[in-house]
Amino acid sequence: MILIHGLFGSLDNLAMLRRKLNQDFNILSIDLPDHGKSEHSARFSFTDYAESIIALLAQLNISRVNVVAHSLGGKVAMQMALTHPEIVSTLTVLDIAPVAYEPRHSNVFKSLLNVKLESIQDRKDADKMMSEFVKESSVRQFLLKSLYQDTDTHLWHWRFNLPLLYRDYPLLSQAISSDSQYPKPVLFLKGELSDYLIADYTKQTTDLFPKSRVKVISGVGHWLHAEKPTECANHILTFLRN
């Protein structure tokens, strides 16, 4: 099984879910390109991101894999499944649809760009600068996980490729398109309080994934895997065992 995180994240974001699933599967957690400790690229592309994961699987001699992916990672995983169905045995998508979304992260970008990396002394300084645009402490703390200080130069950096993600954000928001369908089972897990996966997107979703089903995790939003990891894991295990 491969776990794929979402925008601004890293492989650690799905750690709680990984702990719930690693007794049943050999799990590979990855940093997407332009995130975590992965290399930075010159341009965002769902296809390029998907192909980078396919290349990694080939390098590791993994010929088939169950994919579990959240948000942006879910869109990348859908692209993987559509272009390489022989490799993707099953697909579980956490709270995202293969549709185009209106911009949702303008304040997040403003907060990140407001951090003066050359002048901060610690994360508290960055947090204060970010709070002007992002009021939710939990969101700021999530983003600050990707802030680090170089041990040699003592300069601060974001692990994610902020200039590229900011420039190419319209590309991240685009729909997934394909001339073919993914013929295997797909589970979409929706956070009850989230509006990323709504009934209006059903046709677009089933046009690409005709064997898809949706389960709702009650009382949670977009971060369902962190808020209720046990329930998410149980849905995934039931899906894969049937």
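This is a predicted model: local features need pLDDT of at least 70, side-chain atom pairs count only at pLDDT 80 or more; totals for chains, interfaces and linings use all residues.
Strand β1, residues 2-4, is joined to β3 by 3 bridges, and the two run parallel. Within this pair, L3 stands opposite V68 of β3.

β1 and β3 belong to an open sheet of 6 strands, ordered β2-β1-β3-β4-β7-β8, with parallel pairing. At its edges are β2, residues 28-30, and β8, each of which pairs on one side only. On average, neighbouring strands of the sheet are turned by 20° against each other, direction ignored.

Next, the largest pocket. How much space lies in it? The value is about 830 Å³. The pocket is lined by 35 residues, and the closest to its centre are H105, F142, Y196, H222 and W223. Which elements give two or more residues to the lining? They are α1 (15-21), α3 (72-83), α4 (106-113), α6 (137-144), α8 (169-172) and α10 (224-227). The most comes from α6, with 4 residues. Sorted by class, the lining has 18 nonpolar, 10 polar and 7 charged residues.

Most residues other than glycine have a negative phi. N61, however, is a residue other than glycine with a positive phi, near 60°. Where is N61 found? N61 sits in the loop between α2 (46-59) and β3 (65-70). Is N61 buried or exposed? Its relative accessible area is 71%, so N61 counts as exposed, the cut-off being over 50%.

The second case is H154, which is not a glycine and yet has a positive phi of about 65°. H154 also belongs to a loop, the one between β5 (147-149) and β6 (156-158). With a relative accessible area of 51%, H154 is exposed, because the class begins over 50%.

How values were computed
Residues are numbered from 1 along each chain as its sequence is written. Side-chain values use heavy atoms; hydrogens and water are left out. Buried means under 20% relative accessible area, exposed over 50%, partly exposed in between (1.4 Å probe, protein chains only). On a 1 Å grid over the protein atoms alone, a cavity is a set of points where a 1.4 Å probe fits but cannot get out, and a pocket is an open set with protein on both sides within 12 Å along at least five of seven lines; lining residues have an atom within 4 Å of a point. Grid points are joined across faces, edges and corners, and a volume is the space filled by probe spheres set on the points. Ala, Val, Leu, Ile, Met, Phe, Trp, Tyr, Cys and Pro count as nonpolar, Asp, Glu, Lys and Arg as charged, and the others, Gly among them, as polar. Two strands pair if DSSP finds at least two bridges between them. Axes are lines fitted to C-alpha atoms, for helices over the stretch in contact, and angles run from 0 to 180 degrees between N-to-C directions.
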